[in-house]
Amino acid sequence: MLRASCQLLTQTALPAGKSGGSGFALEFVRWRRKPRWLPVAKSKMFRVPERKKQSEEERTELMRLHNQYKTQLRSVRQFLREEVVRHEETSTADHIVLTPEQEEAEFLKCVDINATWNAKIAKERDQRLAKEREDKVAYVQERLEARQLREEERREQANLRVLREIESSKTFITRENLDAAIETALANPVDHNFAIDLAGNLYRGRNSSQVPDSTPSSNQHALSN
Amino acid sequence: MPSYELALVLRQLPRNELMSVIKRTAESILDKGGIIRKLENMGSRALPHKVSEDGLVHREGTHFTIAFDTAPTKIADLKEEFGRDIDIIRRYIFKLEEPEQQPCTLHEEMLPPAYRKDVQQLIEAAKKNQKKKYNYNSGLDYYPFQK
């Protein structure tokens, strides 16, 4: 189908496009005989198209038209250039000639304005810098105090811990009381298993067959925390 | 020195031999410069599965824990030493850490969602991402943006 439509189009659209006879310069590149990416045919590779013959009258006429066009364009360009030069000369913007005294006065005025600006900005800057310095001092002070507090707290915690350890060191097991400690441990087996019910009662021990009594038994304690 | 807990599973032994095993273990800790805080006997009990150790099959074991302090560099030595002991079926060393303090926040969590702090934070975060809406009663009688 594609091929058929291709032939159809080449028959109708191509002659009009190629000749340029239609109102608009349109040349289809899609429905050609061969795709665009194919190279020039080998037989046409070294073919040099013949140049169009120009008669002597035609050539002289074209030359005349060309010369005329170039001359006119050159004159217009020259006119515009001269106009710019004339404008520059007559306008006063760039051509104020000042005496040295006037120049000096103007320079001094500029210096004055600059100095006032600088003074104003310096004042603002000094204020800003002073404020920043104050803020920074306050910040550092705050951090230092916080650090001191932290250190104190840490020291206190450490002291507490040391005291606690000293207290618990009385119950440490040494070589002397090792035998006795092992005896006691073997004699008293412990069980950390426990169950807990909704009322917060604690049932110690491994056996789950305990039934909660109306009176709290020895292995049943209310949860303190 | 950090605190550790040694959990031992010992094979079924008569009492005096059991004592000697525990004493051996405790003394090896003391020899390495450790401190023994507590000894606990968890009793003899059937093992959860049969265990083959050193050519013997064990179905029951005596559970024993030793709470001790020692230098962390000595832990590997201790493990190695307990590993060579044929009366010890299983040995585990745990680091004891301070229990984490978690205050009870149940009364806050039971509040209706609008009063909960985390929900309020979520709403704030969502508001930040919301696109700004045009206020229709701002005096203009037409919508100034593209619809």
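A residue is called buried here if 20 or more other C-beta atoms lie within 10 Å of its own, exposed if 12 or fewer do, and partly exposed in between, with C-beta atoms placed from the backbone. With that in hand, some notes on the model.

1. Ground rules. This is a predicted model, so local features need pLDDT of at least 70 and side-chain atom pairs count only at pLDDT 80 or more, while totals for chains, interfaces and linings use all residues. Residues are numbered from 1 along each chain as its sequence is written, and chains are lettered from A and ligands numbered from 1 in the order in which they are written.

2. Confidence overall. The predictor gives the complex an ipTM of 0.74 and a pTM of 0.55. By pLDDT (the predictor's confidence in each residue, from 0 to 100), chain B averages 93, with 100% of its residues scoring at least 70. Chain A averages 83, and 76% of its residues score at least 70.

3. Where to be careful in chain A. Confidence there is lowest in helix α1 (residues 2-19), at a mean of 43, and highest in helix α3 (residues 100-168), at 97. The pLDDT is below 50 over residues 1-21 of chain A, a stretch with 13 contacts beyond near neighbours in sequence; a contact means that two C-beta atoms, placed from the backbone, lie within 7 Å. Residues 214-220 of chain A also stay under 50, and the model has seven contacts for them beyond four places in sequence. Where pLDDT is low, the predicted coordinates should not be read in detail.

4. Chain A as a fold. Chain A has four helices and three strands, in the order α-α-α-α-β-β-β along the sequence. Helices (H or I, at least four residues) and strands (E, at least two) are DSSP runs, numbered from the N terminus. Of the 225 residues of chain A, 2% count as buried. Among its contacts between residues at least 6 apart in sequence, 5% join residues at least 24 apart.

5. The annotated stretch. An unreviewed UniProt entry lists residues 139-166 of chain A as "coiled-coil region"; UniProt positions are in the numbering used here, feature names are shortened, and annotations may be inferred rather than shown by experiment. In the model, residues 139-166 of chain A are 100% helix and 0% strand, with the end C-alpha atoms 40 Å apart.

6. Chain B as a fold. Chain B has four helices and four strands, running β-α-β-β-α-β-α-α from the N terminus. Of its 147 residues, 17% count as buried. Among contacts in chain B between residues at least 6 apart in sequence, 69% join residues at least 24 apart.

7. Which side of α1(B) is covered? The buried residues of α1(B) are B:Leu18, B:Val21, B:Ile22, B:Thr25, B:Ala26 and B:Ile29. They cover an arc of only 125 degrees around the axis, which puts them on the same side of α1(B); the arc is that of the directions from the helix axis to the C-beta atoms. They pack against α4 (178-187) of chain A together with β1 (3-10), β2, β3 (56-69) and α2 (75-84) of chain B. Just after α1(B), B:Gly33 takes a positive phi of about 85 degrees.

8. The partner helix in chain A. In α4(A), A:Ala181, A:Ile182 and A:Ala185 are buried. These fall within an arc of 100 degrees seen down the axis, so they line one face of α4(A). What covers them includes α1 and β2 of chain B. The face turned away from the buried side of α4(A) carries the exposed residues A:Ala180, A:Thr184 and A:Ala187.

9. The interface. The contact takes 15 residues from chain B and 12 residues from chain A. On the side of chain B that touches chain A, the elements giving two or more residues are α1 (15-31) and β2 (35-53) of chain B. The largest share of that side, eight residues, comes from β2(B). By class, the side of chain B that touches chain A has nine nonpolar, two polar and four charged residues. Here Ala, Val, Leu, Ile, Met, Phe, Trp, Tyr, Cys and Pro count as nonpolar, Asp, Glu, Lys and Arg as charged, and the others, Gly among them, as polar.

10. Two details in chain B. B:Asp54 lies in the loop between β2 and β3 of chain B; its phi is near 55 degrees, a positive value in a residue other than glycine. With 12 C-beta neighbours inside 10 Å, B:Asp54 counts as exposed. As for α4(B), the count of buried residues among its 13 residues is zero.
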